[in-house]
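Please read it with the coordinates open.

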Amino acid sequence: MSEKYAVIGKSVPKIDGRVKVTGQAKYTGDLKFPNMLVGKILTSPHAHARILSIDTSQAEKLPGVKAVITHRDVPALKYGISPARWDENIFCIDRVRFVGDKVAAVAAIDEETVYKALKLIKVEYEVLPAVFDPVAAMQEGAPQIHDEYPRNINTEIHQNFGDVEKAFAAAHHVRTDQFTGQRTYQSPIEPHSAISIWEDGKLTVYTSTQSPHYFQYYIAREFGLKMGDVRVVKPFVGGGFGGKLEPTGLEFAGAVLSRLTGRPVKMFYDRHEMFAHNRGRHRQIMKITTGVDKDGKILGVHADFIMDGGAYTSLGIATAYYAGAMLPLTYEFENYKFDMYRVYTNLPACGAQRGHGAPQPRYAFECHLDMLAEDLGMDPLELRLRNARRPDTVTPNEFKINSCELKACIEKVREISGWDKKKGKLPHGRGIGIAVGSFVSGAGYPIYRTNLPHSAAMIKVHEDGSAATLYTGAVDIGQGTDTVLCQMAAEAMGYTYEHMKIVAADTETTPHDFGAYSSRQTLMSGAAVKQAGEEVKRQILETAAAMLDIDVSTLDCREGVVFCQSNPEIQKTFAEVAREFFVRKGPLVGRGSYAPPKLGGKFKGAAVGTSPAYSFAAQVSEVAIDEETGEIDVKAVWDVHDCGTVINPALLHAQVHGALFMGMGEAVWEEVVFDEQGRIKNANLSEYRLPTALDMPEITSQLVESCEPDAPWGVKEVGEGATIPTMGCYSNAIYDAMGVRVYSLPLSYEKVWRALKEKREKEAGGG
Amino acid sequence: MQAIADKDGVKRYLVTLHINGDSYTRVVKANTLLVNFLRDDLDLTGTKKGCELGDCGSCTVLLDGKAVDSCLILAVEADGREITTIEGLARNEKLDRLQAEMINHAGVQCGYCTPGMIMSAKALLTRNPHPTEREVRQAIAGNLCRCTGYVNIVKAILAAANEEVGEGSGDE
């Protein structure tokens, strides 16, 4: 028993591994209920149009159709995941705002009948002028998408910390660069699905969700139900990455169809409809100005951004704030100005995608810093080391940073990538680049205002002590929280992982938790679980002390054995003590809850980006560029993370792999493309190009020693952090290889080829 | 194939499919997809649907030993043929080596691509018991995973092919 921890810090197999490899794991789309109907939503074919009339009579007459609904049949109350801008209706009332906007829905006995019925609904539209570009949408005279928002400005941010102008005036060198991001989509492999059962005044929804709590809250609000009369259950979820954080038309329309028919209704999106619903990454136009002294010390930064929000708000207000709020995390500077317009367009709404708002600005900033380093004749890695944030510091926008090993990350990635041997020394066509990143370990404030704790947990030990069940509202969408929380529970209880069971993410049986977003659960749900486990352990030790007639303070419990610390011969098993507890007092239960401390400043938007802890990462990538085709072949990527104490190393590195993979897709290939009518041109998984197994480079994922003081066992996040540096890292490697800079994402082969051509022409012209 | 027509003249066909060693005789429409037949008629929901266009590979099954997208095959095409789904891999309690290595190497995250991924790997190892890493990557190139970056999946398949290869993930 020399090791510090018995259960955490070990790569135990995933608690749901077996059911997932045998095909037994049930996802929402796999569930069936007696008498269940199938439902689908009719969507708008126009990007912007007035609805003149809807005639459902033919559809209603089709045999097998049980209900057809439009805006007339549902509450007119607007909803949305951001309370400051509720701007969506279950069905459009008088106007559609993007291709894919919700117009009507059908429930029928089978899928084939549903599709036939959708075709029989006659909607008469008057097509209106549409706008697809945020800059054009902000101009006077542009089509007005929501009457309440002049010039289509959904969110406007002007934050000013210190004195940027003064910093620029005093700087040795100031430069401005502009970059453009692209719209990407989360593309979880499991399509969204929801089964609604409205019976006897109670609504039960089985759904592919990242947050049963927010679904419950918003569904209850929409229908005027008590929270207790809405049960949201998460079966297994096949990936979310931010796209399954908010309720969709599937839940709202499905609920109404179920109420009208008195039958369970299964609704689902096909792949095309997933793209149309979207809520993916916002396309940002990013102008950055930075002033540095002659040693490369950053004196001030001005981030001036515009983002395409699409037709609705979704989680976009937070995205807009995050875009600027996260930039100062990695480097120490005092003067910072952030301006942002999030603009409505007639495209699908954007929301929160892995790294929420931060990856594109990080790409821009990390490219920009490399360009500054070149201006100064400095090694870009050296420039980053010189500015890297240190522990126990405060950002200009008042985020308190406790643990921070960014410098150690940079030093380590320098060493393992062979940076000093390679930078500027690789043959033409081959290059190396660096970028860093940081991310929150849980949002400091919930999405809507409430004083509920952020996480809660309950552990019930079985009557004979042979197992214990963790009840948690935390949401495993594949990242492995069910596993790490069971490890944490067993550690805190002095129990064994192998005997843990879990019931999670069901608003009726598990205690409240806000769910899977902002990389919050290992820290926040973990804190609640630790407290619950410690309460179980305290009761076990007290019972054992009584059984052994010994002072409780002499006892400890580890891996299912209660023992006397001075004489380990004196012991009892956890199970026999637990059984005795049940005989004497009834159920052995531990409870825990967690709320972060009050965080952040007092300025407008100060809450977004606050967190009890921040992860840090440095990435280096090595690329080979084909001069003829512009093809980017990523040879290797090294990622070094500061993510605090590690609960499960195998799952942690797997998170890095996956986050990096997503960053790589966005860096080189992924982009949702629209035609001139606002229709998606590549709403499928062959033309929206996800990286395949053949595209992935060699990945090395390593860690630095770190422990977060304000977290259970010192944990921090990892799941989103590794997405953030990748795009900038690749861009810098391409520049190192070829001497060309691509100013927009994705860094496609064509753009690299064009940049090379331009360079050749310029050199030929100049020479 | 025996066919009967309903009152609208739509024909249904009597098919027998041999799935995971058992024979199932059912009446299907001409346009019934194999994936829907497996999931809806037989409740074999281990075979997933991710795109219904043959892009994602979640619905991969073995048809006479070859990996196919069951969303691109009609049930009538599979009449009389041998099909293996993810449910047919484990022998009683004992997992197939591929299944076990996927767990050991943390190759499973959300799990939605997992059944299809394992079936593609199974077809590979059946025809090529000692593949190179490149061959593994080629074999699963039609199976999209959004969680893992394929890193641990490739390790798991290599480990299943060769007991010598790969203990643990290799990360530190």
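1. A residue is called buried when its relative accessible area is under 20%, exposed when over 50%, and partly exposed in between (1.4 Å probe, protein chains only). On that definition, buried residues make up 67% of the 767 residues in chain A.

2. This is a predicted model, in which local features need pLDDT of at least 70 and side-chain atom pairs count only at pLDDT 80 or more, whereas totals for chains, interfaces and linings use all residues. Residues are numbered from 1 along each chain as its sequence is written, chains are lettered from A in the order in which they are written, and side-chain values use heavy atoms, with hydrogens and water left out.

3. The radius of gyration of chain A, taken over C-alpha atoms, is 27 Å, which agrees with the value near 27 Å for a compact globule of 767 residues (the globule rule being 2.2 Å times the number of residues to the power 0.38). Along the principal axes, the C-alpha atoms of chain A fill a box of roughly 90 × 70 × 50 Å.

4. Turning to the interface, 46 residues of chain B are in contact (heavy atoms within 4.5 Å) with 56 residues of chain A. The area buried between the two chains, meaning the accessible area (1.4 Å probe) lost on putting them together, summed over both, is about 4100 Å², and carbon and sulfur atoms give 55% of this.

5. Six salt bridges (a side-chain nitrogen of Lys or Arg within 4 Å of a carboxyl oxygen of Asp or Glu) are found across the interface of chain B and chain A. A:Lys32 forms a salt bridge with B:Asp43, their closest N and O atoms lying 2.8 Å apart.
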